[in-house]
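I opened the model to look up its covalent link, core, charged pairs and rings. The entries below follow that order.

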Amino acid sequence: QVQLVESGGGLVQADGSLRLSCAASGSTFKIVAMAWYRQAPGKQRELVAHIGAGDSTKYSDSVKGRFTISRDNAKNTVYLQMNSLKPEDTAVYYCNAVVNGDDLYLHNYWGQGTQVAVSS
């Protein structure tokens, strides 16, 4: 079992910055990869950024060049630095962990979400 707790959301003006944090606890040694997703009202949840083995990273086209995902393994924490924020970035942001299960399958764990609102 892995528990994820996000923090750092809030209200910011366009072109501003925020940094989200996601602290993992429990069987963190079983985590294979972590990611940030977001869900805006009336829309499907979408992948924002992913960090995998060897700290390889991937970003959605909509945030590439503005957002940076990173992690501190000593703190079991993943970060999402968001710069040049736009009103369309407004959403609930969720932390995700892909975890090796005892059943040899990969399992997804989710945080509770943190609201990000960007005003124009």
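**Entry 1: conventions and the disulfide**

I call a residue buried under 20% relative accessible area, exposed over 50% and partly exposed in between, with a 1.4 Å probe and protein chains only. This is a predicted model, in which local features need pLDDT of at least 70 and side-chain atom pairs count only at pLDDT 80 or more, while totals for chains, interfaces and linings use all residues. Residues are numbered from 1 along each chain as its sequence is written, and side-chain values use heavy atoms, with hydrogens and water left out.

I searched the whole structure for disulfides, taken as pairs of cysteine sulfur atoms within 2.5 Å, and found 1. The partners are Cys22 and Cys95, with sulfur atoms 2.0 Å apart. The link of Cys22 and Cys95 is left-handed, with -80° about the S-S bond. Cys22 belongs to strand E3 and Cys95 to strand E9, so the pair ties together parts that are 73 residues apart in sequence. For these labels, helices (H or I, at least four residues) and strands (E, at least two) are DSSP runs numbered from the N terminus. I also looked up the burial of the two partners: both Cys22 and Cys95 are buried.

**Entry 2: the core**

I then looked for nonpolar cores, meaning sets of buried Ala, Val, Leu, Ile, Met, Phe, Trp, Tyr and Cys residues joined through side-chain atoms within 4.5 Å. The largest nonpolar core has 29 residues. Leu4, Met34, Trp36, Leu80, Met82 and Tyr93 have the most contacts inside this core. Two or more residues each come from strand E1 (2–7), E3, E4, E5, E7, E8, E9 and strand E11 (114–119). E9 gives the largest share, 5 residues.

I listed the contacts of Tyr93 (heavy atoms within 4.5 Å). With neighbours within four places in sequence left aside, the partners of Tyr93 include Glu6, Leu20, Trp36, Arg38, Phe67, Leu80, Met82 and Val116.

**Entry 3: salt bridges**

My criterion for a salt bridge is a side-chain nitrogen of Lys or Arg within 4 Å of a carboxyl oxygen of Asp or Glu. The structure holds 6 of them.

Lys30 pairs with Asp102, and their closest N and O atoms are 2.6 Å apart. Asp102 is exposed, with a relative accessible area of 70%.

Arg38 and Asp89 meet in a salt bridge at 2.9 Å, N to O. Arg38 is in strand E4 and Asp89 in the loop between strand E8 (77–82) and E9, so the pair ties together parts that are 51 residues apart in sequence. Are Arg38 and Asp89 buried or exposed? Arg38 is buried, with a relative accessible area of 6%, and Asp89 is buried too, at 0%.

Asp55 and Arg71 form a further salt bridge (2.8 Å, N to O). Asp55 sits in the loop between strand E5 (46–51) and strand E6 (57–59) and Arg71 in strand E7 (residues 67–72), so the pair ties together parts that are 16 residues apart in sequence. Asp55 is partly exposed at 41% relative accessibility, and Arg71 is partly exposed at 23%. I also traced shared partners: salt bridges join Arg38, Glu46, Arg66 and Asp89 into one network.

**Entry 4: rings**

Rings of Phe, Tyr and Trp (its six-membered ring) pair if their centres lie within 6.5 Å; planes under 30 degrees apart count as stacked, over 60 as edge-to-face and the rest as tilted. How many aromatic pairs does a search of the whole structure find? I found 1. Tyr37 and Trp110 form this edge-to-face pair, at 5.0 Å centre to centre and 65° between the planes. Tyr37 lies in strand E4 (residues 31–39) and Trp110 in strand E10 (residues 106–110), so the pair ties together parts that are 73 residues apart in sequence. Tyr37 is partly exposed at 22% relative accessibility, and Trp110 is partly exposed at 37%.

I last looked for charges over rings (NZ of Lys or CZ of Arg within 6 Å of the ring centre and within 35 degrees of the ring normal). The charged end of Arg45 sits over the ring of Trp110, 4.6 Å from its centre. Arg45 also lies over the face of Tyr94, at 3.8 Å from the ring centre.
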